[in-house]
Each structure stands twice: as C-alpha cells, then as structure tokens.
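I opened this notebook to record what I looked up in the structure.

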Amino acid sequence: MPGPSPGLCRALLGLWAALGPGLFGLSAVAQEPFWADLQPRVALVERGGSLWLNCSTNCPRPERGGLETSLRRNGTQRGLRWLARQLVDIREPETQPVCFFRCARRTLQARGLIRTFQRPDRVELVPLPAWQPVGENFTLSCRVPGAGPRGSLTLTLLRGAQELIRRSFAGEPPRARGAVLTATVLARREDHGANFSCRAELDLRPHGLGLFSNSSAPRELRTFALSPDPPRLAVPRLLEVGSERPVRCTLDELFPASEAEVYLALGDHRLSPDITLEGDALVVTATATANAEQEGAGQLVCNVTLGGESRETRENVTVYSFPAPVLTLSEPSTPEGKVVTVTCAAGPGALVTLDGIAAVVPGQPAQLQLNATEDDDKRSFFCDASLEVVGETLSKNKSAELRVLYAPRLDDSDCPRSWTWPEGPEQTLRCEARGNPAPSVHCERPDSGAVLALGLQGPVTRALAGTYRCTAVNPQGEAVKEVTVTVEYAPSLDSMGCPEHITWLEGTEVSLSCVAHGVPPPSVSCVHSGEAGVVEGLLRVVREHAGTYRCEATNARGSVAKTVAVTVEYGPSFEEQSCPSNWTWVEGSGQLFSCEVDGKPEPSVECIGSEGASEGLLLPLGSPDSPPGVPSIASGLAPGIYICNATNRHGSMVKTVAVSTEYRPVVAELAASPPGGVRPGGNFTLTCRAEAWPPAQISWRAPPGALNIGLSSNNSTLSVAGAMGSHGGEYECAATNAHGRHARRITVRVAGPWLWIAVGGAAGGAALLAAGAGLAFYVQSTACKKGEYNVQEAESSGEAVCLNGAGGGTGGGTGAEGGTEAADTAEAQAGGEVFAIQLTSA
C-alpha cells in the first residue's frame, strides 16, 4: 500500500500539534474548553487543482466528526481526533469547508476558506478593421476570460513596444473572474503596418505565489488615405482600329499608394498597366489597342481601389477604321519618253487628292498621266486621303517614286572640267555622272594610261596632275569628258634653281634670281642681310654686294626660305700698308717677308730681284699669321730692288720693293797697346771695334777700383795713364744695337820683376823669408781686408801691393791676354775676391 501523500503528512503533523497537550496532560485538557480546527484555514489553489484539508479536535473522545464541503473528494484518512481529506478539481471561485466534531453533547466547528486563481492563459485582442482611414478613431479591445481573481489582474494595450493604456483591477470582489480593457485610438499614417497587442499580468506575489503574465497575438493595423477626387484620365478621343495609343491615369493624395489596386479597361477589354509611384501620387500608363469589333463609340475606364474604397473616371473613345490610300504607277521604271499613268485610291468615305488634284467625290480615285523625261527621274508623287470622324478630319498619305531610264550625263557640277587639290592631305576623288541606271565612270590619262581612283580616299601627289579622259557608261549609252587635274603645293628652292653659293665678278652686270618650284607659281624675293630693301633688276657688281642673302618663295600653299652666299671676285691689287715699298730684313731673325695682296680668289705672289747683288734671287714671302717654326731665311740674302708680281684668274699686278738688311753687333777686334805687359806707372790703351747695322753703341766694364780711365768720343778706345795695381784685371767691351748685343773680354796685368834678396846664410835667408811671410799675412788678413792699405804709397815705398780684382788669375807674369764672351750674355760677375802680393821695385 502506498504511503500517505505530502498533503496528508502536513495534515497529520497539524493534527499532532493540536492533540499533543491532550495526550500528555489529560488533567489540563479537562480544565480547558474543547475546540475544532481546520488546516489550512485559508488556501489559494489554482483552478482545477487539489488540496488536503486536516480537520482535528482536542476533545478526548469525540463522538463523531466530519468535513462538509461541496468539492469533490478523492480520499479520506482518519484518526481518533482527526481526519484528513483530499479535495480535487477545485473550480469554484470561493468555497467554505466546515470541520465539525460532537463532543460532550456539544458540536465543535471550524470553518475554512478555499479560493481558486486562474492564470491569464487566454489573452485576446479583438480583430482590427481590415483598413482604417487615416484621421478616424478605431477601438482596441482586450479580453482575458476566466483569469483571476480580477483584483490581481493588470491589462496593458501596446503599439509595438509602446504602452498605450494600462489598467489595474484592484478592489474587485474576490469572486470576480476575467477582464476586458477597451480604448479608442486615432489612426495615423505612421500606424500603417504597426502591430497592436495586449499584455495581461496576474500578480499573486502578495499571496506567496508568483507573477503570471501572457500577451495576445499581435494584430497589424493597415491605415489608408484616399483622395475624394476621381483620377485624372488622359485618353485619345479617337482610336484607330489596329493602332496603339498611350493612356495615362493619375490619382494624387493616395496612401499607401503602393497597395492601391488599379483597373484600366477599354470597353470590356482590360489593359495591362504600368504603375509608377511618385510620392503620394499614382501614375498608371498603358497602351490601348482597338480591334474591328470595338469600332464605334466606347468608354475607357480607370478605377483605383484602396482600403475598400474606390475612385473611378470614365472617358468616351471613338474607335474608327481608316486604311491608308493606295498609290500605283503604271510603269514604276520606264525609259525616257514613255507615257506613265499615276492612280491614287482610298477606302469608302475617304476623299483622295493626287499631287494637289482632288477626286470628284469621296470614295473615287484620282489619276494623272505624263510623258517621262529625265527631269521626272526620282520624281515623287503624293496621294493624300482625308476622312471625317466625329467632327474631326483625319488624313493619311502615301508617296511613290518614278524611275526614268536615260543615258549618262557628265555635268560640271558633278564632274568639273578643272580640279584643283592641295598636295598631301587625303582626298576622295569624285567624278559623278547622272544617268539611270547609275553609270560607271572611268578617268584615264591618254598619254600615260594613269587612272584616277574615283571614290577612294588617298593622298594627293604631284603625279596626279594632268589631263584625263572621263567616260560614263550605262545600258542607255555613254558620255565622254576631258578634265584637268591641278595639284597645288608649297614652294621649294633646290640647288639647281637657287644655288647656295653664287660667285660674281666685280664690275660686271648681274641679277640675283632664284627659281622656285611650286603650284601656283611662287613669287621669289631676296634681301641682303642687314638691309631692308629687296634686290631687284640688274646690279653692277661691287665688293659690297658680297655677303648673305635671304631668298623667300611664296605662293598660296605656303612659303620657303633659303640662305644664298654671294662671293664677289676681283683682280689683284697692292696696298702700301699690307705690302710696303721698303722692306728691312734682320739677318738671322728667321722672319719671312710679308706682301699681302687683295684679290679673290687669293692671288699668288712672287718677288724676284731685278738688279745689283739681288738680281734673279727669289724673295721668300710669308703671311703675318705664319705659325712658329718657319725655316729662317738664309743669312746670305742680298739687299736690293725686287719686283713683286700678284696673279689670280682675273688678272695680275706688279710692284717694286726695296730690301735693306740689318744685323746684330759683333765685336770684331779687342786689342791692348802696348801688347806686352804694363809696368806700374806706365800707360796702356784698349781698342774695341764692332761690326753692326745700324751701328752699335760701345760700352766698357773695368775692374773694380780702376780709376782715371779715359774714353774716346765713340767709346771705341779706353786709355789709362800711370797704371797702378788696381788697373790690373779683366776688361769687357760690349757692342749693342736694336737687334742684340755682343761682348768680348781682355785681361790686363800691371807688374814688375820679382826682387830676390840673397842672404849670406841660411839663418839670414830664413829671417828674411819669415819677415816677408809675416808682412804678406798681415796684408792679406788685415790690411787688405780693412782697406787701409794705400796702393800708391806701397808702390812708391816698394812695399807689398794689395790686388783686389775680379778674374785675371794670379800675379807673377806681365802682359795682356784677351778673351771673347758669347753674344747676348749679361756682363760677367765677380767670382769672389782674389788677393795677391807683389813686390815692385822703387
């Protein structure tokens, strides 16, 4: 047997709690009043749920007891002073069970309270209208059937997540169940497509239970706005059978325009519209096509429906039939000279007109006849038909072209007799002939067979120029015409017609002409550089005409310029400045003679001696700008008279020149007199002779300290009277002129015989030698260096002489020796001091 349920256990525990004091103290129970108890006294049970009730008493021996309730029971358990009963499927909103016991002829009672609650399992939002006009109110209604107690309910109406209205039902009777919440809402554009819902909340938390909530399914609201005006309908008033005409229907102030339904029909025939949205406007376009069954009066209807409301417009349309007229030619293509009949016809009721000539009555054709000529080729005929429909006159027309066959014609307008094209750019060469059928044209040069590529684009070259025979041929015959092609091109100046270099002869008459090639023939003008005038006509050539000329050739196609160098040639002529009549030659200088001659081409010059020592001699010539290293003229060139002859291809010229020579000095003789030695106090003379042209200037250099020297008037002789020791030494004679300098040297010695003193013994000789050596040492080391020694005194006293000279060697010999110095050398410098001791006699 299964154990007691949890509810029963709780009831039994309550029973024990109630009966405990009686069981353990009967004496106390006897003294207390008896009572009955029901647990739980107050209970809240979900509707349809179950509950255990415990009914107990403290009566020690109750006679009987029970539990009175209208609720269904599922089981009962009993004890001496208690009973527990399970109540199931509790649905009543509120019941009051009664627990009773009979004790000591008294009835003990305990009354309880059982209430039920129901969750908001069903939350219903009343359906919304299919379409709600914008600006009008609609009702939101929410129902929550059976949920309760109502006093714990709260209902909220929502637009999306936005709360519109919230209501609590606090204070309602406990037995009240279910709730309804209603609200009035103004429909707006922005509410279109919005979801509305209802949320219900049952709050039992104050009773120890939870918060139970639920929401209804959302309902979408569709709002709309529809203009009270009908659509605007644009349709043709007349519609031809088989033709297509556009139809347009427009309605403004429409929301939402995308959900509007459109019906567009012509009579019973529904059209297929194209719908375009332009903001709140709806634009409907379609193509209306009528058939023969619809001929006559009809209507075109446009209906726009939105939100269950419609706006409609109808327009009258007349469907008619009007076939195009028929235009026929008896001979669409006919030879020239044949008669052609033209007929214009249309359907019943239509009036036709052929080239402005109307038919007599509607429905009858119009005709004309003509004799075909060349001018009728490609002539167009026009057939007009008119028909009146509902007071409006309609018209249609048709055209046809007549082809007249005729032989070719080569007109100047289509094939000119003279063509002129610029050279270079590509051209399309055209020679077109009139004729039917179209003739073929062939242009060929009779002389060379060259053919023009007619109708083809190609470069224009000078080779195209010439006369061509053009022949046009078709089946009706042929035509022949001669045409001339001229190709124009810019001027050119070639070396043949305008050479780069021209040579004129002075004194002749010439003209400066440059021949230019070009079409049209160019004009040529030449201008001398640096001048503004144009060279024209005959010129008598002078040297100033030589130079650079700019020649320019110009025509309509351009211009070209060329530089022409003009050289003026003339015979030889001598100028004194460039070929002087008197020449001076410096012997050994290596300088060539210069005799420049004016003339073009440059003349050849030759100078030959004519008399005296120079007769027959060839004078070597050179230009002033001859480079260094030219060989020297022979030293044996003879002066005299020379004849210079200058020659070029335009003549010759002769000039006489005189040549004189100059040369640098040479000291030819340098001699001393007397030729022997010079004794102190004696006289000597030095003679110097030089050869030079122009004559040389003579200068001397004597030994340092040499005094009392005399010179002749031309410095050729140097004389000394009363020679002293200081006159001894080297003398130099130098000869100088404009072409150089030459010098020679000679050495003069002033001295006497040595005095030997013999001493009788070795001691006496040694003493004399020692005394002489000491004197010499003093003179050399002290007196001579100090310059204290008086030469004249030494000579007169017979003492030693201090010789301070340059070069010349040592004393001891007498006489003069000569030497020569190379030409153009500087004067000899002293080679250092030389001292000698000489003893002279008194």
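I count a salt bridge when a side-chain nitrogen of Lys or Arg lies within 4 Å of a carboxyl oxygen of Asp or Glu. The model is predicted, and I took local features only at pLDDT of at least 70 and side-chain atom pairs only at pLDDT 80 or more, while totals for chains, interfaces and linings use all residues. Residues are numbered from 1 along each chain as its sequence is written, and side-chain values use heavy atoms, with hydrogens and water left out.

**Entry on salt bridges**

I began with the background that side chains of opposite charge can pair when their charged atoms come close. I then looked up the total, and the count under this rule is 50 salt bridges.

I looked up Glu691, which forms a salt bridge with Arg689 at 3.5 Å between the closest N and O atoms. For accessibility I used these classes: buried is under 20% relative accessible area, exposed is over 50%, and partly exposed is in between (1.4 Å probe, protein chains only). Glu691 is partly exposed at 42%, and Arg689 is partly exposed at 41%.

Next I turned to Arg222, whose salt bridge with Glu259 has its closest N and O atoms 2.8 Å apart. Arg222 sits in the loop between β19 (219-221) and β20 (223-226) and Glu259 in the loop between β24 (254-255) and β25 (261-266), so this pair ties together parts 37 residues apart in sequence. The strand names follow DSSP runs numbered from the N terminus (strands are E, at least two residues; helices are H or I, at least four). I noted Arg222 as partly exposed at 31% relative accessibility and Glu259 as partly exposed at 32%.

I also examined Arg237, which forms a salt bridge with Glu392, again by closest N and O atoms 2.8 Å apart. Arg237 is in the loop between β21 (232-234) and β22 (238-240), while Glu392 belongs to strand β38 (residues 392-409), so the pair ties together parts 155 residues apart in sequence. Both are partly exposed: Arg237 has 43% relative accessibility, and Glu392 has 32%.

Which residues are linked in a network of salt bridges? I found Glu336, Glu374, Arg409, Asp411 and Arg434 linked in this way.

**Entry on disulfides**

A disulfide is a covalent bond between the sulfur atoms of two cysteines. My criterion was a pair of cysteine sulfur atoms within 2.5 Å, and the count by this rule is 12 disulfides.

I looked up Cys55 and Cys99, whose sulfur atoms are 1.4 Å apart in a disulfide. The torsion about the S-S bond of Cys55 and Cys99 is about 75°, so the disulfide is right-handed. Cys55 is buried at 0% relative accessibility, and Cys99 is buried at 0%.

Is the disulfide of Cys415 and Cys431 left-handed or right-handed? With a torsion of about -90° about the S-S bond, the disulfide is left-handed. Its S to S distance is 1.9 Å, and I found Cys415 and Cys431 both buried.

My last entry concerns Cys579, which a disulfide joins to Cys595 (S to S 1.9 Å). The torsion about their S-S bond is about -90°, so this disulfide is left-handed. I noted both Cys579 and Cys595 as buried.
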